[in-house]
Amino acid sequence: MKSTIHACPNCHAAWSGDPLGTARCPECDAVLVPLHLDKEAWDRLSVEEKESKKNETFNQVANRPHEVHLMSQEFYLRAISEDIHTIKILLICVVLVLPFLIFLGIIS
Ligand SMILES: [Zn+2]
């Protein structure tokens, strides 16, 4: 999984990490805000651009906290839906193979 950039609204430090990982600042333990940038894109920005990107995101969060919450929820739901898909395939295999094994057991 690509590492994405999160920023701390408390001490303004930026951290890279797994989008589904713990989103807490290692410095001050505040909840981090996702900047929706991967590490390569972030590294290409100048110091001023990084600052303005952080401030822009902090303002958005202050104005619309609910939307950021929905964004991380969407990540979470997508991961769950992939898991359900895997479980479904496993169940279909079991349902198809089991009667066959029982049939083999009866005729042998
Ligand atoms: Zn912090």
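**Close-up views of the predicted chain**

**View 1. Val31 is in contact with Ala23 and Arg24, its neighbours within four places in sequence left aside.** Two residues are in contact if their C-beta atoms, placed from the backbone, lie within 7 Å. This is a predicted model, in which local features need pLDDT of at least 70 and side-chain atom pairs count only at pLDDT 80 or more, while totals for chains, interfaces and linings use all residues. Residues are numbered from 1 along each chain as its sequence is written. The place of Val31 is in the loop between strand S2 (14-17) and S3; helices (H or I, at least four residues) and strands (E, at least two) are DSSP runs, numbered from the N terminus. Val31 is partly exposed because 14 other C-beta atoms lie within 10 Å. A residue is buried if 20 or more other C-beta atoms lie within 10 Å of its own, exposed if 12 or fewer, and partly exposed in between, with C-beta atoms placed from the backbone. Ala7 is 24 residues from Val31 in sequence, and the C-alpha atoms of the two are 8.9 Å apart in space.

**View 2. Asp29 is found in the loop between S2 and S3.** Although Asp29 is not a glycine, its phi is positive, at about 70 degrees. Asp29 counts as exposed, because it has 10 C-beta neighbours inside 10 Å.

**View 3. The largest nonpolar core has seven residues.** They are Ile5, Ala7, Cys8, Leu32, Val33, Leu35 and Leu37. A nonpolar core is here a set of buried Ala, Val, Leu, Ile, Met, Phe, Trp, Tyr and Cys residues joined through C-beta atoms within 7 Å. In soluble globular proteins, nonpolar side chains tend to be buried together. Leu32, one of the core residues, touches His6, Ala7, Cys8, Trp15, Ala23, Arg24 and Cys25, not counting residues up to four places away in sequence.

**View 4. Three strands form an open sheet in the order S2-S1-S3, with antiparallel pairing.** S2 and S3 stand at the edges with a single partner strand each, so one side of each is left without a neighbour in the sheet. On average, neighbouring strands are turned by 30 degrees against each other, direction ignored; axes are lines fitted to C-alpha atoms, for helices over the stretch in contact, and angles run from 0 to 180 degrees between N-to-C directions. Strands count as paired if DSSP finds at least two bridges between them. S1 and S3 run antiparallel and are joined by three bridges. Helix H2 (residues 47-63) lies across S1, S2 and S3, and runs at about 135 degrees to S3.

**View 5. S1 and S2 form a hairpin with six residues between them.** The two strands pair in the antiparallel sense over four bridges. Ala7 has Ala14 in S2 as its bridge partner. In the turn, His12 has a positive phi of about 65 degrees.

**View 6. Strand S3 contains Asp38 and His36.** Asp38 in S3 stands opposite Thr4. Residues up to four places away in sequence not counted, Asp38 touches Lys2, Ser3 and Thr4. Asp38 and Gly17 are 21 residues apart in sequence, with a C-alpha to C-alpha distance of 9.2 Å. Asp38 is partly exposed, because 14 other C-beta atoms lie within 10 Å. His36 also counts as partly exposed, because it has 14 C-beta neighbours inside 10 Å. Phi of His36 is positive, near 55 degrees, in a residue other than glycine.

View 7. From the N terminus on, the elements run β-β-β-α-α-α. Of the 108 residues in the chain, 9% are buried. Among the contacts with a separation of 6 or more, 47% are between residues 24 or more positions apart. The average pLDDT, the predictor's confidence in each residue from 0 to 100, is 85 for the chain, and 88% of the residues score at least 70. Confidence is highest in helix H1 (residues 39-44), at a mean of 92, and lowest in helix H3 (residues 65-107), at 84. Where pLDDT is low, the predicted coordinates should not be read in detail.
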